[in-house]
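Here is a short report on selected local features of one chain. Read it with the structure open beside the text.

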Amino acid sequence: MMATPSSCNLLRYGPSVFVFFFILLLVVNISRSAEAESNEGVGNDNDIEFDNDPCLLYLAQSTIPNAGLGVFAGTSFKKDELIGRVGDAAFPTVDQDWHNSPSEHTSFAKHEGDYHWPLTNYDWMPSDIGMMNEAEDVSATVTGFGAAPNCHFRLLNVNEHKASYDSAGIDRYRSPGAGASTPWFNRSSTAAIDIDAGSELFVDYGPNWFLSRDGIFQLVPLTNDYERAQEFLKEYGRLLVGSDNPNDLVDDKMSLDDDAQRDLWNVIKTFPYPTRARQALPDDHRDAIRAIHGDIQTIEKENSIRSVSYLKEYGKCMDNIVPGLSDIPHAGRGAFATRFIPKGGLVAPAPVVHIADKSVANMYNETIGRSFTVVRDEAAGVITKQIITNYMFGHKNSTLLLFPYSSNVAYINHHSTKYNAGLRWAKDFSFYHHEEWLNKSVEFLEEHWTSGLMLEFIALRDILVGEEVLINYGDEWQMAWDEHVKHWQPTNPESDHNNLTLWTKYSESNNGRRGYVRAEELDNDEIIKTMNERLADPYPHGIMLMCTINVNHDTAYLSAPKTIPFFRRSIGEVDLREDSDDKHIHNCNVTERYEADEDYEESEDEEENHNLGRYMYTVLIEVKKPFTDDYFITEVHEIRNVPRSSISFVNIPYTSDIFLKNSFRHEMMLPDDIFPKAWMNLMP
């Protein structure tokens, strides 16, 4: 046994030391049990009310030990109430592994790229945001509530929702700003329960987020770990008083005095083999006793609340700005002050994620490689950059990029002469902001995959309520924008189908209505057109029909069929169950439409719009199923009596504004007095 100070101190307690050894046995048992289980399962833009209400959201030190930043409620929120004033901006990063993989081995490199991109730790599944059809492979980055709050599985109090797609009035065909800003905005967050003022706000990362990052973060308890920890506390209490009655847990009945309990609990918490279950135990020995009387969740909830006075003194207000439509031409949205901000006052805190090499945001065209796979055309050079580049800070003499992820800072626009705000490095928040990193090399930063730096947007003069906040992106950015505007040419809506965006196919004819139409605009169409009807009146070119139907069957192929197998049946219960996943969503075409039977039970959507349930459909689905490693069998399925609720309109990948050819891409530039010389790795 190691002679730690705590274990040596326990020797002075004589016979009671047997308790210590018994507790250690329990700790080892809980460690082994946890390890075994772990191995098994391993807004409306300009409808904004500006006021001088108290700050709604604060950034401050998390109540979770060693977790860094946390987001706190500056006021109370009722269940289902919007948290904050508006939702957050979202950014799709597409096919990034493909664009960063060796040009001759691209097809084998999905999700295996070896490059520095710490935003991986902040990304969401695209289906969580609603952008799964942007491209073949999408990662979704969200500022504000999508990046700043922590996760605590026993204290989850925030529900997050999908973002909306809206180009903020930027004309896809007539504005040089088209494609230069993310159209994904208002990813809102609401209270999952009634939330008290001062509470830390927790979102659900999902268990897999932690299970896949054990080497980066400490073992974070999952839901079942708290159950195991609670059982451990019962055994602990039984050993202290010799009974199962928690009312006996009083000083004069315990076998150890307070000092002995403290030392013993310290040994339990610092046992050299950590587990998630042991991490779920309270940090303080007195809290452990209280948790035996009640439960761990109650103790942790109490400990997760800071006073509002503490937040005012030691936190940073996150809701001094909100998005609205900017008066700056081609800018789309801007950031507007929600309250008076005096000169020198904080506009917004801006913790940043660092990217060591800006080239990881480069994007390439396709070509056919020597192995006849589609690879990136490195010889043709970079054709554009990821849209998130436009929201990062950089410097002409460095490869480093910085992405600020606080709420609404992404909407702060540029003006070269009328800017009213600037940037500086944080001088406090030493628990998070590593000031020494400003003197480290880019190579040093590349070794770190968690954020640890914070900028601040500061008012350079008094900023009035409702005034747009502007900064200076730098001379290099201004020159790049001027050059872009000089050479940019408007396009015609009639040509939208004709290869207007990157990585889309050339079409000889205009398929459907003029211009770009989003699938969301057709969601409430009562009638789905048949294939024959679409010949005369096609759907917009950027939209396809998808059917949620299970096309699995019991047929086994002993050899590859010589003709295309054809299956005909009516839809069944297995096709309509709510737990259907992406595997059962297929491209489809409607061949027939007919009146629904009188006994048909409408879905919730069809009940809200009764006309959606008037018709049933016959659809054709073509699927490819793997037969061998390099051969697929094509099947055709004809499904009858398909309800409208099983048919949806979906946006075709690579057709949204972010893929427009010749759209502007350039990082914002930090001035020399802000950007550290130690990071200038491109200096001659």
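## Positive phi and local features

The model is a predicted one. His330 sits in the loop that links strand 11 (321–325) to strand 12 (333–337). Its phi is positive, about 70°, although His330 is not a glycine. Most residues other than glycine have a negative phi.

Ala168 also carries a positive phi, near 55°, and is likewise a residue other than glycine. Ala168 belongs to the loop between strand 7 (164–165) and strand 8. Is Ala168 buried or exposed? Ala168 is buried, with a relative accessible area of 13%.

A glycine with positive phi follows helix 6: Gly242, near 75°.

| Residue | Relative accessible area | Class |
|---|---|---|
| Trp184 | 3% | buried |
| Asp225 | 5% | buried |
| Ala168 | 13% | buried |

**Trp184 and its surroundings**

Strand 8 covers residues 184–185 and includes Trp184. The residue is buried at 3% relative accessible area, because buried means under 20%. What does Trp184 touch beyond its neighbours up to four places away in sequence? The contacts are Ala89, Ala90, Pro92, Ile129, Gly130, Met131, Glu134, Ala163, Ser164, Tyr165 and Arg518. With one of them, Glu134, the side chain of Trp184 makes a polar contact of 2.6 Å. Another, Ala163, is 21 residues away from Trp184 in sequence. In space, the C-alpha atoms of Trp184 and Ala163 are 6.0 Å apart.

**Helix 6 and Asp225**

Helix 6 spans residues 223–241, 19 residues in total. From first C-alpha to last, helix 6 reaches 28 Å, close to the 27 Å expected at 1.5 Å a residue. Its buried residues are Asp225, Tyr226, Arg228, Ala229, Gln230, Phe232, Leu233, Tyr236, Gly237, Leu239, Leu240 and Val241.

Asp225 lies in this helix. Its relative accessible area is 5%, so it counts as buried, under the 20% limit. Which polar partners does the side chain of Asp225 have? One is the backbone nitrogen of Leu222, which lies 2.7 Å from a polar atom of the Asp225 side chain. Another is the side chain of Arg228, in a polar contact of 3.1 Å with that of Asp225. Leaving out residues up to four places away in sequence, Asp225 touches Val220, Arg276, Ala277 and Ala280.

Three strands form an open sheet in the order 2-1-10, with antiparallel pairing. Strand 2 (69–73) and strand 10 (316–317) are at the edges with a single partner strand each, so one side of each has no neighbour in the sheet. Strand 1 (residues 57–61) pairs with strand 10 in the antiparallel sense over two bridges. Leu59 stands opposite Lys316 of strand 10.

**Helices 9 and 10**

How do helix 9 and helix 10 cross? The axes of helix 9 (residues 285–293) and helix 10 (residues 296–303) come within 7 Å and cross at roughly 130°. From helix 9, Asp287, Arg290 and Ala291 make the contact. From helix 10, Ile296, Ile299, Glu302 and Asn303 take part.

Conventions
Residues are numbered from 1 along each chain as its sequence is written. This is a predicted model: local features need pLDDT of at least 70, side-chain atom pairs count only at pLDDT 80 or more; totals for chains, interfaces and linings use all residues. Side-chain values use heavy atoms; hydrogens and water are left out. Helices (H or I, at least four residues) and strands (E, at least two) are DSSP runs, numbered from the N terminus. The expected span of a helix is 1.5 Å times one less than its number of residues. Buried means under 20% relative accessible area, exposed over 50%, partly exposed in between (1.4 Å probe, protein chains only). Two strands pair if DSSP finds at least two bridges between them. Contact means heavy atoms within 4.5 Å. A polar contact is a pair of N or O atoms within 3.5 Å; within protein, one must be able to donate a hydrogen and the other to accept it, and residues adjacent in sequence count only if both atoms are side-chain atoms. Axes are lines fitted to C-alpha atoms, for helices over the stretch in contact, and angles run from 0 to 180 degrees between N-to-C directions.
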